[in-house]
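Q: Hi! I'm new to this one and would like a friendly walk through it. Could you show it to me first?

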Amino acid sequence: MTGDLRDGRIVIVGASLAGLRAAETLREEGFTGSLTVVGDEPYPPYDRPPLSKQVLLGQVAADTTGLPMRRNPDAEWRLGVRASGLDGIGKRVMLADGESLPFDRLLIATGTRARPWPNPDEAALDGVFTLRTRDDAAGLAERLAAGPQRVLVIGGGFTGSEIASACRERGIEVTLAERGPAPLVGALGGTLSKLAAAMHRNHGVDLRCGVTVTALRGDSGGRFTGAELSDGSRVEADVCVVALGAVRNVEWLAEAGLAAGPRGVTCDAGCRAFDMYGIVTDDVFVAGDVSRFPHPLFDYQLLSLEHWGNAVAQAEVAAHNMVNRGPLRRPHLALPTFWSTQFGLNIKSVGVPTFSDHVAIAQGSLEERRLAMVYGYRGRVTAAVTVDMAKSLEYYRHLIETAAPFPPAPGAADRPMAAEIPVPSDVPDPKGLSHGPTVALTGHLPDRRLTVIQPSG
Amino acid sequence: MSADTLLERITDYANRADPYPLYAELREAGPVVRQADGSYLVGSYHEITALLHNPQISADPRNLPGPAQKARKPPFLRLDDPEHHRLRTLAMRPFGPPHSPGRIDTMRGQITELTEELLDELRDRPQIDIVDDFAYPLPVTVICRLLGVPREDEPLFREWSNAVVASADVRPDLDTTEQDGAGDQARIDMGMYLLNLAEQRRGHPTDDMLSAFINEPDPALRLTPEELAETGVLLLIAGHETTVNLITNGVLTLLRHPDQLDRLRGEPDLLPRAVEELLRYEPPVHMRQRTPLVDMDIAGTTIAKGTSVVLALASGNRDPKRFHDPDRFDPTRQDNEHLGFGSGIHLCYGAPLARIEAHAALGALIPRLSTARLVQDPPPYRQNAMLRGPRHLPIEMRQSA
Amino acid sequence: MRIVVDLTRCQGYAQCVFLAPKVFQLHGEEGLLYSPAVPDDQLERVREATAACPVQAILLGEEVSPDDR
């Protein structure tokens, strides 16, 4: 019975990390049929994390982050063309150039794009950027190399913080505006966000929290000149980076009858997409940032992740399940894991920090800027974040996987006094932030009303 | 035989040449195996890596009961964080990243030259001892240059080194009081010697690590004299006592696997992977000792605070639950996360130097080994079970043309 | 040739920085930055770094070239 699954036509929509790793895995798993990968950008798969780090620091050109292959997936690459629709009954993917691709099985890996500045005229000003693609990074890196007077970063999530860090390292003045009380608070909670705020200020970032940017201003030539803030102040700057999080690329699925919505395309633990009635499909799979999947360690809530490691792990599971049946299929159970390098600190996270009520510093200290922070929910460990202590993360991963009691047992030689006093994790409602968490819990079941998209007029 | 004598049998000199069947017996007996003296032995890969990352596990011998509690403060190799981190970071400043990222890379040329010189001297000899003629002199010379120790003092520090290494061994069969005393004294003497060398460079820095340590301008980044002595002793000993085993085990393993030797001769690009496979298959360091800081559960066994727990890294490297066909030497092995240099915060400080030395040494030797033959198999081993390697490795270099 | 480092796995052992310091560098004490495009004269060093990584997080390979299947 597996013979036919190893043959036939597979289409992967999305030619980034998840799409590439899925294509390779399909071949590793013995798929011999035709394989087509569709990508809306004209470039072969490239790596995005360096775009906000090495590329903005000027160490690496934006067009050199092409991803290496594990093996040649022997695929037809349809690059520079967007998928515009999906006919689930006729089993075809419609392309923006009018063509359509028939498939036996489909993998949706369309990822996310940067959330644009809401006012299109202001967003169109010369000097206003978002940062998601290679072209975005090339344009921004060029402006930074030209030595702007000041860069305004809107949004204090990981991307916004990394941009501010890169600017300061290059000696460029930066203002960062964040609607919430501190940078990274949405992802890491109160305690670590205070460390993040201190790092910004110590490195000379003009950090403005609790404010929103109300308008972007330009001169008569259409060049960005500054912004108005909600506290009545004005920031003069010649470059603006809008870092307000990501939007899932699901619009092309509006008529597809899938459980696709602003939080992504809902799928089961085996990466099979749900349709809009909550019935699981068997020929449409989902992987990467665009997916929304249940995780048993977090009360089976549906997770939406924007994590590099999740894209890889989920693509591998999806590909495996596309060429295997029934009991041979695997669940995607990988723990969310994330990293960020900013202001000379290496921040790594495992589990879901927002799925917490309390935190405790289990090793190290905030003063040393070297620590392991453990997150607990109702008396069990659900996440850990290390700052310059990555070798410890594996231990805490094990605690999460085994639902170990929180606060974690004593014994570490570098355990601070503070470990005995857990404090509230202080994770705010993401609605009050200009940056969202890169990992979000989004409820339990695919709900029709929540997930149907209104095609925009 | 009963599993509670495994550590005794592993450390028994009679089993030095081939401890691997005992490691298999250990893994069969369970993830954590109690020994007759109340200590524990851990031989499976996943338990070892978990313990090496567990902050409740101490590397500090002063947390063990008995005479070790009164011992001097050990070097960072056997300290816990945060003190371990502080000292290792300071020791790293003149050696590697982030402060000196290119330091070891710049030694490649010297190491290659030295290798060629040593091999040239051996060219016309019908028989050589890989240990005394090559695998020992190479790393000793390298570490001497790196630290700033006169090479001609080797006979002097060799004796200290032997005493320190012997006292660091696991000897469940022996009363080690005398050995430990001799080891402590050697550490003190060797430390004084190195401190003295460093003092001579105060204000007159030469391009070596002792100079860097003693002339560090920032008091917050400066080692105290005691720390400098302990760190120097650690680096000088670890810098050659382990690399000699890596190179020697490499030659021995390649001569035992002529097909792989042939393959490496044809595909020199495989050498880095082959060295990693050697580190898995015949690691220079076989065991490390640890102890829990609190009563803790390891794989279902409760182990009391202060109990000696010996982690058999070399056994973890042969665990079939982690490595496919683990008893096969396969230089093309993928996904080779071996424990040859340990894991976690104590991962071998000098690993990059050992690798570069092994690449240079084996890379230069491999083309010359095509007609070589082991004179004695197994070769005679050193007493030490923790730092396991041949004492001599005589090989016959038949002249092909 | 291109590299990508799985920084989810990376634990900051910095073995790659020692072995190929022109390609890999530490940012702070343990954050890793690297040049994804490997110059030919660094390839041997990058091979060493790839083999040496204690968590096997470095992938060295060819970039996708869409035209040759």
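Q: Let's start in chain A. Which residue of strand 16 of chain A does Val128(A) stand opposite?
A: Val128(A) faces Cys240(A) there. Keep in mind that this is a predicted model.

Q: How many bridges join strand 9 of chain A to strand 16 of chain A?
A: There are 3 bridges between them, and strand 9 and strand 16 (residues 239-242) of chain A run parallel.

Q: And what sheet do they belong to?
A: It is an open sheet of 5 strands in chain A, in the order 9-16-10-11-12, with parallel pairing. Strand 9 (128-130) and strand 12 (206-209) of chain A are the edge strands, each pairing on one side only. On average, neighbouring strands in this sheet are turned by 20° against each other, direction ignored.

Q: What holds paired strands together?
A: Strands of a sheet pair through backbone hydrogen bonds, in a parallel or an antiparallel way.

Q: Which helix lies across strand 9 and strand 16 of chain A?
A: That's helix 4 (residues 134-145) of chain A, which runs at about 135° to strand 9 of chain A.

Q: Where can I find antiparallel pairing in chain A?
A: Look at the open sheet of 3 strands with the order 13-14-15 in chain A. Its edge strands are strand 13 (213-218) and strand 15 (234-236) of chain A. Strand 14 (residues 224-229) of chain A pairs with strand 15 of chain A over 3 bridges, in the antiparallel sense.

Q: Which residue of strand 15 of chain A is the bridge partner of Gly226(A)?
A: Glu236(A) is the partner of Gly226(A).

Q: New topic: Ala114(A). Where does it sit?
A: Ala114(A) is in strand 8 (residues 112-114) of chain A. Leaving out residues up to four places away in sequence, Ala114(A) touches Thr130(A), Leu131(A), Arg132(A) and Ala246(A). The C-alpha atoms of Ala114(A) and Val247(A) are 6.1 Å apart, although the two residues are 133 residues apart in sequence.

Q: Why does Ala114(A) count as partly exposed?
A: Because Ala114(A) has 19 other C-beta atoms within 10 Å, while a buried residue needs 20 or more.

Q: Over to chain B. How do helix 5 and helix 7 of chain B pack?
A: Helix 5 (residues 108-121) and helix 7 (residues 137-147) of chain B pack at an angle of about 145°, and their axes are 10 Å apart. Their crossing is right-handed.

Q: Which residues make that contact?
A: Helix 5 of chain B brings Ile111(B), Leu114(B), Thr115(B) and Leu118(B), while helix 7 of chain B brings Pro137(B), Leu138(B), Thr141(B) and Val142(B). By class, 6 of the contact residues are nonpolar, 2 are polar and none is charged.

Q: And chain C, what does it touch?
A: On one side, 27 residues of chain C are in contact with 32 residues of chain A. Strand 1 (2-5), strand 3 (31-34) and strand 4 (58-61) of chain C each give at least two residues to that side, which has 11 nonpolar, 9 polar and 7 charged residues. Chain C also meets chain B, with 18 residues from chain C and 21 residues from chain B in the contact.

Q: Which elements of chain C give two or more residues to the side that touches chain B?
A: Helix 1 (15-19), strand 2 (24-27) and helix 2 (43-52) of chain C do. That side divides into 11 nonpolar, 4 polar and 3 charged residues.

Q: Last one: what confidence scores come with the prediction?
A: The predictor gives the complex an ipTM of 0.96 and a pTM of 0.95. Chain C has an average pLDDT of 95, and 97% of its residues score at least 70.

Notes
Residues numbered from 1 in each chain as written. Chains lettered and ligands numbered in written order. Predicted model: local features only at pLDDT ≥ 70, side-chain atom pairs only at ≥ 80, totals over all residues. Axes fitted to C-alpha atoms, helices over the stretch in contact; angles between N-to-C directions. Helix = DSSP H or I, 4+ residues; strand = E, 2+ residues; numbered from the N terminus. Left-handed = near helix turned anticlockwise from the far one by under 90°. Contact = placed C-beta atoms within 7 Å. Nonpolar A, V, L, I, M, F, W, Y, C, P; charged D, E, K, R; others polar. pLDDT = per-residue confidence, 0-100. Buried ≥ 20, exposed ≤ 12 C-beta atoms within 10 Å, placed from the backbone. Pairing = 2+ DSSP bridges.
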